[in-house]
Structure formats: C-alpha cells, structure tokens
Amino acid sequence: MKTARVLVAADKFKGSLTAVQVAERVTAGLRRVVPGVQVETLPVADGGDGTVAAAVAAGFERREARVTGPLGDPVTAAYAVRETTAVVEMAEASGLQHLPAGVFAPLTATTYGSGELLLAALEAGARTIVFGVGGSATTDGGAGMLAALGARFLDADGKPVGPGGGGLADLAAADLSGLDPRLGEVDLILASDVDNPLTGPTGAPEVYGRQKGATEDDVAVLDAALGHYASVLGPEQAQLPGAGAAGGIGYGALVGLGARFRPGIEVMLDVLGFAPALARATLVVTGEGSLDAQTLHGKAPAGVAAAARAAGIEVVAVCGRLALTPEALGGAGIRRAYALTELEPDPAVCMAEAGPLLERVAESIARDFLR
C-alpha cells in the first residue's frame, strides 16, 4: 500500500488566516490524528491579494519598494523574485488595504504605484513578470500604472489629466512612446481570476465599482470615462478577457504593455511548482474562506482540484463557509468539503477562532481519509 502523503494547497481564509496559516493549521490537525503522516504544504493564490505571500512561501525572495498608494500617499509594497522571474501583486501597491477604514476614492484612486512596482521588478532584472491583479481600490483602466512607466495622458490643453478613472473623461491624447523600453523584452503575464471586459453591463465599473465606494452616478461616470479612454488607446482590447480585472488595470496591461492574459490560478500553480508536488501526493487538501459559486469560476480551489483530478488524485476542501451542493463540489473534482461553520455556526466566532476550528476540521479529514 502506498504511504499516504498529503499535499495542502489552499488559499487564504480572507479576514481570518493567510494561506500559510491555513497550511500550518491543517498540518497540525492531521498530525494530531496520524502523527507520522507526510505532509507537504504549498500555499496558493489566484493572482489577487496573497499572491506574493504564496510565492515567498514557495521559495521566492521577498523584496520591498516605496511606491505611490491609491490615494497618492507613499506606501510600502512587496514583490517576489526568484532568478529572472518576478511576482508582482497590484494590490500591494493599489489595493483596498491601503485605504483608511470607510474612506474610498472611486473617481480618483490611482494605479500609479502598481507601475512603480513593475519598475522595481524590471530593476531587479526580471525577464518574466507574473502580474497578479485583484483586490484593487482603483478604477482607472491602468492609466496610472502606464503613467508611472512613462506614458503620458493629456487633456485638450496639453496638460496631464487628473488621477483616477474620473480624470480620463478629459483625455484628449495618449502618448505611449515614452514607456520603459525594457518592457518590450519582458514576458508579462496578466494573472487574474476575472475575465470581465473593461466596460458595459459586465465591465469593471458596473460589476466591481460599488465595492470601491462608487455611487450609481460614479459607476456611470467611470463607465463612460473608461469607454472614452479605450476609444483613444484601442477599443479592441477593451473586450478581451481580463481587460476589466482590478478596475481595468488588465486593459492597461494588455493594450500598453503587451501582456498576455492567463487565469491566475493556472499561472500560480506553474510558478509555485504545483505539478511536481502533486506527483508526490496521495491526497490533496485545498480550500478558501468561502466555497461558493464564485469558487467554480477560476478561484484557487477549483484550479487545484482540476489539476488533481486530471492526475487521478483525490481532493477534499476546507472552508469557513460552504455554499455549494455535493453535486457542484463533485463536478469541480472535490470529493468532500469541510466547513468551519459545521463546528461553530456563529460567523463572528468562526472568524475569530478560525485557527483552532480548522485544526479540528483537519482531524476529521485525517479520520475519514488517512485511517
């Protein structure tokens, strides 16, 4: 009989546990029931917040840069490097976590710092850049990012337009000739779990603007401004999958930087070395904070499960909250899901005590699958 070897490849439980902490807690619970079980941990991410942390856990070097935050104030942002590959997470520079509680700037928040972070990766000698986008505080179509990299966006008087998506309504001319020439020598991969277009009913302002503080009027202003921006830079790319990711920064990367879009979890599994780890496993434990309909559309657990199913390896999932039927789980390649809310129905307590509860869940997995 083949010795059991568990691969823990789970995303974060947002607001409770990082992906690294999830792996640690699952490992502790498994070993409480089966002390000698072999466990390999590979924290994963799908391009959104937590992507750099997952890369660092997989052996990348963590580096930091001082860049411009979404409100224009300086912030410290991390990126990860291994040899000539860099992992850059736009949320580190332009994410919602950089906004004070209750403060939003839907019309003026800028991705300028994301461009500065890409410059830092270029300075570090990166030849391949995985650009994970998600969790943004911005809806500027990546104009700020492109400006930081050398582009110019001018109004009818030849002056730079204001920051954020709102300023793009005044755009009269765009000049991309000053973009850093090193960008032409880099393989830039746009990694996202979002395949929305830039504008329209499924575009960035309509679908994601409200979570960044946009009112109904703001959404309309942003949609029109981004539509105008795309008419100046190139309307074709505005409809490409991923153009609407992270407030339209995907569009800026596609049209201005020659990026190629790939589903974030696929990219990250490649970068993190998931295939060789999977080959050593007899059981995979994946998961995230909420297993729901969104999970099935490109989130990390679905990507992990798909790869494991293709390799014929059984998958179970852990989560804080479960909103998928057994049939939906099975269709995604997940044999069974274990939710913290099965042990503690109060969501507030569940989040506060996520670590100990997850260890108890892992004990159940060990009893059900490792004995």
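Predicted model: local features only at pLDDT ≥ 70, side-chain atom pairs only at ≥ 80, totals over all residues.
**Close-up 1. The largest nonpolar core**. This core has 52 residues, of which Ile129, Phe131, Tyr229 and Leu257 touch the most other members; H9 gives the most to this core, contributing 8 residues. Apart from it lies another core, of 40 residues, which includes Leu7, Val130, Leu269 and Val284.

**Close-up 2. The surroundings of tyrosine 229**. Once neighbours within four places in sequence are left aside, tyrosine 229 is in contact with Asp140, Gly141, Gly142, Ala143, Leu146, Phe153, Leu168, Leu171, Tyr251 and Gly252. Tyrosine 229 has a relative accessible area of 0% and therefore counts as buried, the cut-off for that class being under 20%.

**Close-up 3. The aromatic pair of tyrosine 229 and tyrosine 251**. The count of aromatic pairs comes to 2, and the one formed by tyrosine 229 and tyrosine 251 is edge-to-face, with 5.6 Å centre to centre and 70° between the planes. This pair links distant parts of the chain, since tyrosine 229 belongs to helix H8 (residues 216-233) and tyrosine 251 to helix H9, 22 residues apart. Tyrosine 251 also counts as buried, because its relative accessibility is 0%. Together with Phe153, Tyr229 and Tyr251 form one aromatic cluster.

How values were computed:
Residues numbered from 1 in each chain as written. Heavy atoms only, no water. Core = buried A, V, L, I, M, F, W, Y, C linked by side-chain atoms within 4.5 Å. Buried < 20%, exposed > 50% of the residue type's maximum accessible area, 1.4 Å probe, protein only. Helix = DSSP H or I, 4+ residues; strand = E, 2+ residues; numbered from the N terminus. Contact = heavy atoms within 4.5 Å. Phe/Tyr/Trp six-rings, centres within 6.5 Å; stacked < 30°, edge-to-face > 60°.
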